[in-house]
Amino acid sequence: MRRHWENCVTHFDDGVDQFIDDFFSESSRCCVLVAGAGFDPRAQRIARKLSATMGDRVHGLFIREDRGDPAVALQKLADENEAQLRSVIADTTVAHVQIFSADDRAPIGGHGVRSAVDGYKWPDDITDVVLDMSALSTGVGFPLAKLLLEFAEARPKVSLHLMVVSNPELDDRIVGEPSAQVQFVRGYSGPSGSYDELPVARIWLPQLGKGRVETLRRIRSTLDSVYKVCPVVPFPARNPRRADELLAEYQAQLLNEWEVDARDLIYVSERNPLDCYRTISTLKKRYDRTVEDVFFPQIILSPFGSKVIAVGAMMAAIEHDLSVQYVETLRYEYDPVNPTGTPPLPDMAVHVWLHGPVYGSYDAGTQKVAS
Amino acid sequence: MNDRMALSLLAEVMGWPEDDQAVATREYAWLRMMSAVKYDGYSYFRAGVRFLESLATWLKQFDPADRAAAYDFVKKRLVYISLSEMQCLVETFVPEVVTPHLRRTVAHQLGIKPYEVWTDKSGADAFTRCLRKTLFVGMSDGSRIDMLRRANAGRISTEQVVPMMNVDKEKWLDLSKNLRQAHGMTPTEQFDCVYLIDDFTASGTTFIRKNADGEWKGKLKKFNDLIRDARDSVGDGFPIAENYELHIHHYISSAQARSALMKRLEIAKAEWSEWTCSDYTVTEGLLLPDTLPLARPSDGAMLDLGDKYYDHEIFTRAEKHCREAGQSDMKLGYADCALPIILEHNTPNNSVPLLWAETAGNGGARAMRPLFYRRDRHGSLQ
């Protein structure tokens, strides 16, 4: 049990840069940055910062997600990003991961991730792994996180850091065309083999994201034995109306199709993934107790929209062996020029220290009330 | 509720076309959802007359031609903080605000980095001690101390939480006794760190302000005086250290208030002869964006309504208070904040008065009807 996950060391925004300056400037640190090298404009920030601080002590393993039929403009952006990343970090490996199989177009990104990690030659003196989720899709980033956590937990002196550069307003402008197939994210199919004894009762936690109505409807249509639907919406958020706007977009689904009880909405911070993690963890604990001996409890997550919230959901899925169901994206559309003409809001950054020697004595006293 | 009748009521008030039910049906579905999720939970609504009924009453005060702009404002600009959302802000306070600060404090004490606090037992123990030596003080009903206690059961003791500022000598001694008897504490232990907690600040004036005649007022002045006087009267048993750190936390703050608080605190620290703490910080759970206040040209239609349907009585009722904030009218709300915000337990007077003001319409003025009733600090509904 990773008790420290409730209270992980985190840094935000400028604090992430300060942390990198402070921690990674130690000459004993040797870091592998694992990140996306796609079209996403946030792909370079963490790489540049680590490189500026560490020089040749940082190595890069960048994942290029190949979807087969990308928009030409986005292909060009991704090529530029990749070239920039190669120039920023001298020791760079770029692994091309096919998201769909050439034969039947089935999503296979998770397999490619395993190959990329297994095939990578890790430095002998590695002390830190940084997983930058900013430009990775769910189908790639989630399996990567699980593999890298296994890697770090098997090496007591290695720390695993999650970093995300997020921008909810920019996320809203990236449009994905969903594939036809609903599936579990690789490594996130939940517990298996226990359904025989008791009937299953599912709670579905769709994370509402702008422009994802059809995708979430498709996922819902594949689920049976749903006890409750608890949609996840962002609050606190830098746009305090963001949750309301999402509720309006999903109005028909919430009221008519999914029969959501208004009290079952889950509000979680769009800035700090630990809020989502803690909330889902509490739900899991209580739900298990509720249906114990009557039903087999299953919580299914479907993270779309805010990447920060998705990272919190991912942590909960790893810690409690929850299922993550999603629909892979066939292709993206994104126009770097903001059509509204309003000045862009700054990116937000978060660092979550997932694992490492810094938690050696976490259980010694932090949760006790000294009374 | 009879949906058909409620829909007819709103369609009639709004003038939605009878021959095209699509508009009325769509809007009514949205209203029903938002009422259920948020608005019906407003604390001053009563059985039988909740949001939909209040909305109908509110809209009727406007000329038919003006109602679309008023409705549009509710649909697109209103920010309503529900109980669930407020709970979220309360629950994140200790892990996201207090814990990182205590880690920095412990790191400073032990000469380590803040992220190394849990690396070995000495740091973990010091963190636990530091947390116990932190006092949480509620500044109003909105501090939600009940929620704070529940959210942190097992993490903070009830003996380090003071729900309101009215602390008497007996309570100070009690806090001191409990702290000194707690595990790992010494017989002279004191609180090193004090968090003053409040729900909302839009202008910062309720918390700290200086009158035109140079007199300091507000909740912080009160707290500072309370500490100064209690130190003298309680003596050795006073539980707060001489150089305690003061942390001011609002669950919600506007950008304007944050900046004002920082400026006024700096001046107060220099001017107050009996400034009781060593250092201070200002934090918030939700910082409202500086684009939230209504402004022209994008909010021109609603601001025009604010001018047209304004009754100056709301200014004269609180004239002294308003003039202290440099105002000569209340069209944009207290301190001209022009906010579109409602909290589930009350509506701030910094929000645009069209949302909360209720007047009789004397002297030829139009009577103002609130969408959300507001209770003022003296307990009167406005």
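## Salt bridges in the model

Over all chains, the structure holds 57 salt bridges, a salt bridge being a side-chain nitrogen of Lys or Arg within 4 Å of a carboxyl oxygen of Asp or Glu. This is a predicted model, in which local features need pLDDT of at least 70 and side-chain atom pairs count only at pLDDT 80 or more, while totals for chains, interfaces and linings use all residues. Residues are numbered from 1 along each chain as its sequence is written, chains are lettered from A and ligands numbered from 1 in the order in which they are written, and side-chain values use heavy atoms, with hydrogens and water left out.

## Pairs within chain A

Side chains of opposite charge can pair when their charged atoms come close. In chain A, Arg42(A) and Asp40(A) form such a salt bridge, at 2.9 Å from N to O. Arg42(A) counts as buried at 3% relative accessibility, and Asp40(A) counts as buried at 7%, where buried means under 20% relative accessible area, exposed over 50% and partly exposed in between (1.4 Å probe, protein chains only).

A salt bridge also links Arg202(A) to Asp224(A), with 2.6 Å from N to O. Arg202(A) lies in strand S8 (residues 200-206) of chain A and Asp224(A) in the loop between helix H7 (213-222) and strand S9 (226-229) of chain A, so the pair ties together parts that are 22 residues apart in sequence; helices (H or I, at least four residues) and strands (E, at least two) are DSSP runs, numbered from the N terminus. Arg202(A) is buried, with a relative accessible area of 12%, whereas Asp224(A) is partly exposed, with 48%.

## Pairs within chain B

In chain B, Asp304(B) and Arg296(B) form a salt bridge whose closest N and O atoms are 2.9 Å apart. Asp304(B) is partly exposed, with a relative accessible area of 40%, and Arg296(B) counts as partly exposed at 46% relative accessibility. Elsewhere, salt bridges that share partners join Lys221(B), Asp225(B), Arg228(B), Asp229(B) and Glu274(B) into one network.

## Fold of chain A

The secondary structure of chain A comes to 11 helices and 14 strands. Its radius of gyration, taken over C-alpha atoms, is 20 Å, close to the 21 Å that the globule rule (2.2 Å times the number of residues to the power 0.38) gives for 371 residues, so chain A is as compact as a globular protein of that length. Taken along the principal axes, the C-alpha atoms of chain A fill a box of roughly 60 × 55 × 45 Å.

Buried residues make up 60% of the 371 residues in chain A. Of the contacts in chain A (heavy atoms within 4.5 Å) between residues at least 6 apart in sequence, 85% join residues at least 24 apart.

## Interface between chains A and B

The contact takes 42 residues from chain A and 47 residues from chain B. About 3,800 Å² is buried between chain A and chain B, and carbon and sulfur atoms give 60% of this area; buried area is the accessible area (1.4 Å probe) that two parts lose on being put together, summed over both.

Three salt bridges are counted between chain A and chain B. Asp22(A) forms a salt bridge with Lys113(B), the closest N and O atoms being 2.8 Å apart. On the side of chain A that touches chain B, the elements that give two or more residues are helix H1 (14-23), helix H8 (242-249), helix H9 (251-257), strand S11 (266-268) and helix H10 (273-291) of chain A.
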